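User: I am new to this structure and would like to learn how to read its features one at a time. Could you take me through them with the general idea before each case?

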Amino acid sequence: MDGQAAAGSPAPIRRGYTTGACAAAAAKGAALLLITGEAPNSVELYLPAGFHHRFELTGCERQGDISATSATIKDAGDDPDATHGAWIEATVSWLDHPSIEIDGGTGVGRITKPGLPVPVGEAAINPVPRRMIMEAVSEVLEEHGAARGLRVVISVPEGEAIARKTLNPRLGILGGISILGTRGVVTPFSTEAYQASIVQAISVAAASGNGQLVLTTGGSSEKHAQAMFNELPEEAFIQMGEYVGFSLGHAKAYGFQKVTLVGMAGKYSKVAQGAMLIHSKNAPVDFGFLAAVAAEAGADKRLVQEVAGANTASQVVDLMTEAGHLDFFEQLCRHACMQCLKQVNGGMTVEMVLITMKGRLLGRAEIRG
């Protein structure tokens with residue numbers, strides 16, 4: 001069928017390639033241009049994912065026998081990536097000694113806070129991409145018998161603008177994007193990249209010396225959490241999305257004494273019933289459980305039945321609020337705290353704060369495990 005999807009079946013999801021892989025390809029192309037004087041149209045790399053891929057090159061330019069530049073345009077495949085379409089460029093120049101130096105130029109961030117895999121002061125080019133660049137350039141030097149070394153500078157002209165759409169400023173990566181990737185490929189809609197960003201953010205928060213972490217499910221709840229806990233540094237706030245158990249486990253591993261979860265009753269009611277991955281597909285709201293909590297909070301039989309028959313969590317919030325049963329939300333918070341402590345086998349304090357979409361406090365509880 002010549003690679004086409006069968007009629008009626010979904011089109012195959014197209015994978016993409018990391019900024020690290022693109023930087024290595026650009027560096028290889030620039031090294032070839034400098035050494036041979038010929039601009040390659042493409043280069044092949046062996047990726048850590050375990051296969052070869054050919055990258056198309058553009059923007060090739062040679063400055064005599066001194067330096068050369070080559071670029072590739074990042075293809076993130078079907079992954080919703082802020083760096084999709086970015087121009088990733090490498091400029092190589094000769095060194096007098098036989099080694100390879102790697103640095104970042106325009107649009108590649110600089111590390112200003114500890115806790116990341118790259119030391120403070122260096123360009124935000126992570127260890128695997130550094131190794132890929134080193135290997136790609138070394139291969140060219142060896143193939144052509146060059147006895148000198150090369151300095152490689154990776155640039156992303158639009159990197160500073162792209163970085164505003166990422167967590168980089170909060171992580172202390174200033175001036176541009178990070179050159180990332182551990183496998184060279186981007187798996188579309190993968191949880192791997194998002195979870196990696198959570199761990200990175202927790203690492204930076206731990207390195208700042210703050211003992212409390214505030215986990216939220218998204219930007220709206222984080223904004224309200226920041227207003228509520230304005231004494232905490234920016235690094236303390238982490239958008240964990242649906243990955244509650246994952247984030248709690250890493251918070252404990254990094255030694256946080258207290259974790260506060262802030263958000264809305266719909267998602268956190270799932271945590272209260274024991275779900276630690278709270279995507280709607282994985283954990284539907286259990287209205288029977290919410291009805292039992294309503295009964296615990298002193299709701300009469302009629303109201304308990306209404307809760308059991310509700311269609312949405314927001315409907316339950318309205319029912320309990322209108323009836324004046326605010327203890328319901330405190331009870332829900334307590335259940336959630338206990339489930340979180342159970343998930344990590346104690347060893348920390350967990351606080352749960354339930355709010356409305358507009359940020360009004362519904363309930364709050366804290367349990368030390």
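User: Which strands form a hairpin, and what is the phi of G64 in the turn?

Analyst: Strands here are DSSP runs of E with at least two residues, helices are runs of H or I with at least four, and both are numbered from the N terminus. The hairpin is made by β4 and β5, with 3 residues between them, and G64 in the turn has a positive phi of about 60 degrees. This is a predicted model, in which local features need pLDDT of at least 70 and side-chain atom pairs count only at pLDDT 80 or more, while totals for chains, interfaces and linings use all residues. Residues are numbered from 1 along each chain as its sequence is written, and side-chain values use heavy atoms, with hydrogens and water left out.

User: In which sense do β4 and β5 pair, and over how many bridges?

Analyst: Two strands pair if DSSP finds at least two bridges between them. Strand β4, residues 58-63, pairs with β5 in the antiparallel sense over 4 bridges, and E61 stands opposite T69 in β5. Strand β5 is also joined to β6 by 7 bridges, again running antiparallel, with S70 opposite A90 in β6. From β6 the pairing goes on to strand β10, residues 149-155, in the antiparallel sense over 7 bridges, where the bridge partner of E89 is S155 in β10.

User: How should I read the packing of α1 and α2?

Analyst: Two packed helices are described by the angle between their axes and the distance between the axes. Axes are lines fitted to C-alpha atoms, for helices over the stretch in contact, and angles run from 0 to 180 degrees between N-to-C directions. The axes of helix α1 (residues 19-36) and helix α2 (residues 127-143) come within 8 Å and cross at roughly 20 degrees. That makes α1 roughly parallel to α2, since angles under 35 degrees count as roughly parallel, over 145 as roughly antiparallel, 65 to 115 as roughly perpendicular and the rest as oblique. The crossing is right-handed; a crossing is left-handed if the near helix is turned anticlockwise from the far one by less than a right angle, and right-handed if clockwise. Among the residues making the contact are A24 and A27 of α1 and I133 and V137 of α2. By class, this contact of α1 with α2 has 14 nonpolar, 1 polar and 2 charged residues, where Ala, Val, Leu, Ile, Met, Phe, Trp, Tyr, Cys and Pro count as nonpolar, Asp, Glu, Lys and Arg as charged, and the others, Gly among them, as polar.

User: At what angle do α8 and α12 pack?

Analyst: Helix α8 (residues 265-272) and helix α12 (residues 327-344) pack at an angle of about 50 degrees, with their axes 7 Å apart. That makes α8 oblique to α12, and their crossing is left-handed. On the α8 side Y268, S269, V271 and A272 take part, meeting L332, H335, A336, Q339 and C340 in α12. The residues of this contact divide into 6 nonpolar, 3 polar and no charged. Helix α8 is largely enclosed by the rest of the structure, because 6 of its 8 residues are buried.

User: In what order do the 5 strands of the open sheet run?

Analyst: The order is β15-β14-β16-β17-β18, with mixed pairing. The edge strands, each pairing on one side only, are β15 (237-239) and β18 (361-368), and the twist averages 20 degrees from one strand to the next. Within this sheet, 7 bridges join strand β16 (residues 258-264) to strand β17 (residues 349-355), which run parallel, and V259 stands opposite V350 in β17. Helix α8 packs on the sheet and touches β14, β16 and β17, its direction making about 130 degrees with that of β16.

Definitions and conventions
Contact = heavy atoms within 4.5 Å. Buried < 20%, exposed > 50% of the residue type's maximum accessible area, 1.4 Å probe, protein only.
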